Amino acid sequence: MSVAAHTCNLSTSGQRRLRPGVDQPGQHGDPHLQNIKPVFVSFFQRNVGSSQFKTIEDDLVSALVRSGCIPENHGEDMRKMSFQRCARTDKGVSAAGQVVSLKVWLIDDILEKINSHLPSHIRILGLKRVTGGFNSKNRCDARTYCYLLPTFAFAHKDRDVQDETYRLSAETLQQVNRLLACYKGTHNFHNFTSQKGPQEPSARRYILEMYCEEPFVREGLEFAVIRVKGQSFMMHQIRKMVGLVVAIVKGYAPESVLERSWGTEKVDVPKAPGLGLVLERVHFEKYNQRFGNDGLHEPLDWVQEEGKVAAFKEEHIYPTIIGTERDERSMAQWLSTLPVHNFSATALTAAGTGAKVPSPLGGSEGDGDTN
C-alpha cells in the first residue's frame, strides 16, 4: 500500500501488513513492495558538503534496512524502492518537515522500530496511506520555509554590526513586512539564483505569502522568524530574497532595487547565510482535494503531528542555529560585507569580476528546491 509519513514524516501505499511469525521480510520477494509508501520526515541537517560525511538519506535508508522495512539490496540501490524526496536542501540547511516516497514492508510498530535505529536529530513522526504510484515530489504543490535570524540584521547601518542590545521596533517590523509582501505573486527571480537568464520561463516563480513574525529573545539575543510559502524555489532564492530586504532596511540599497531585480537587467543580489534556513512544511493541497476525503486515504496535512514538529524544532533546530550563530557569527560576518556590495552591478561589471553571467536568452537547465 502507499502511505505518507512526517520526518520527521513517512508515506506508504497499499501493501498488506506482514504477520509476525508467518510472513518474514523477503519471504515473498518484491511483490510486497509493489506500492509506494511516502514518508514525511522531520530532521535537523548540517551537511558540510563532503562525501566523507553521511547524509540524512544515508541514515534513513540504514534505519529502514536494520528495522526490516526494506531488503538490504534496496538500501544499496535506492531506485529499487522508488525513493523520491519531496524537496532538496542545500548544505547547512535544516528541515522540520520533509516527505519522501518509497516502497516498504508494513511491519508492526513500524515508526518505533525505524526511529530506534535513527540518531536523535532525525525522526519519523507519522505514517499515512496514500494512493498507489504516489510521488512526493510531483504531488507537492507548495513548500513553506522559515528563516531564523538575529534582529540586529535589521538595525540601521550606522549601528554596530552585531549590537546584541538591539530590539526590533514595531515600525521597523512593519517596514520589513511591507517589503516582504512585495514578493507575493509571480515574478522573474533570475537574479535570485545562478546561471538563469531573464527570458528563461523556469525563472518565474509564484510566492503565496512572505512575512516576519514577532521577535523573541533567546540567550539574551533577539531573534525573529521569516516565513515564505511558494510553489517552488530555486537554489539560493530564499536566502537572496531575505538578503535584499535586509540590505534595504539597513539603508545599503534603495527600495527601487527590489523591482529592478525582477527586470531583464543583471542585479547582484546579496545572499544571506544559510544557517537560519529551515524547510518547514510541504503541501499537498490538490492531492487532498481529490483523495483526502475519499474514504480510503487521509489528507496529508499533518495536523496531528504539529505538536511533535514544534517540539522537534525547539529541541534540535532552533538551539543549534542560535548556538552556531553565537559561535560562528555567520550573520554578523555577512552583514560586514554589505557596505562594499555593489547593488548597481550590471552584467558587464559582473563579467569583469569573473562571475558567470547567464545568457539573456536562456540559462541553465534544471531547477530544484535547494536553498
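**Entry 1: salt bridges**

I began with Arg 326, which forms a salt bridge with Glu 164, their closest N and O atoms being 3.3 Å apart. This pair links distant parts of the chain, with Arg 326 in helix α9 and Glu 164 in the loop between β7 and α5 (170-181), 162 residues apart. For the term itself, I counted a side-chain nitrogen of Lys or Arg within 4 Å of a carboxyl oxygen of Asp or Glu. Helices (H or I, at least four residues) and strands (E, at least two) are DSSP runs, numbered from the N terminus.

Before going further, I noted that this is a predicted model, where local features need pLDDT of at least 70, side-chain atom pairs count only at pLDDT 80 or more, and totals for chains, interfaces and linings use all residues. Residues are numbered from 1 along each chain as its sequence is written, and side-chain values use heavy atoms, with hydrogens and water left out.

Are these two partners buried or exposed, or in between? Arg 326 counts as partly exposed because its relative accessibility is 30%, and Glu 164 is partly exposed too, at 31%. My cut-offs were under 20% relative accessible area for buried and over 50% for exposed, with partly exposed in between (1.4 Å probe, protein chains only).

Next I looked up Glu 255, which forms a salt bridge with Arg 178, the closest N and O atoms being 2.8 Å apart. Glu 255 lies in the loop between α6 (237-250) and α7 (256-260) and Arg 178 in helix α5, so the pair ties together parts that are 77 residues apart in sequence. Glu 255 is partly exposed at 37% relative accessibility, and Arg 178 is partly exposed with a relative accessible area of 43%.

Arg 281 counts as buried at 19% relative accessibility, whereas Glu 306 is partly exposed at 33%. I also found Glu 213, Arg 227, Glu 280 and Lys 313 joined into one network by salt bridges that share partners. How many salt bridges does the structure hold? My tally is 12.

**Entry 2: two buried arginines**

I turned to Arg 143, which is found in strand β7. Arg 143 is buried, with a relative accessible area of 4%. Which backbone oxygens does the side chain of Arg 143 reach? I found that of Cys 86 at 3.3 Å and that of Gln 231 at 2.9 Å. I treated these as polar contacts (a pair of N or O atoms within 3.5 Å; within protein, one must be able to donate a hydrogen and the other to accept it, and residues adjacent in sequence count only if both atoms are side-chain atoms).

Arg 205 is in strand β9 (residues 204-212). Arg 205 counts as buried at 5% relative accessibility, and its side chain reaches the backbone oxygen of Ser 202 at 2.8 Å.

**Entry 3: an annotated tyrosine**

I checked the UniProt record, an unreviewed entry, and its "binding site" annotation covers Tyr 145. UniProt positions are given in the numbering used here, feature names are shortened, and annotations may be inferred rather than shown by experiment. In the model, Tyr 145 is in strand β7 and counts as buried at 0% relative accessibility.

**Entry 4: helix α1**

In helix α1 (residues 56-66), I listed the buried residues as Ile 56, Asp 59, Leu 60, Val 61, Ala 63 and Leu 64. After α1 comes Gly 68, whose phi is positive, near 85°.

**Entry 5: the cavity**

I searched the whole structure and found one cavity of 30 Å³ or more. About 60 Å³ of space lies in the largest cavity. On a 1 Å grid over the protein atoms alone, a cavity is a set of points where a 1.4 Å probe fits but cannot get out, and lining residues have an atom within 4 Å of a point. Grid points are joined across faces, edges and corners, and a volume is the space filled by probe spheres set on the points.

Which element gives the largest share of the lining? It is β7, with four residues. β7 (142-150), α9 (306-328) and α10 (330-335) each supply at least two lining residues. Among the residues that line the largest cavity are Tyr 147, Phe 223, Ile 321, Glu 325 and Met 331.

Note on methods:
1 Å grid on protein atoms, 1.4 Å probe; cavity = no way out; pocket = protein on both sides within 12 Å on 5 of 7 lines; lining within 4 Å.
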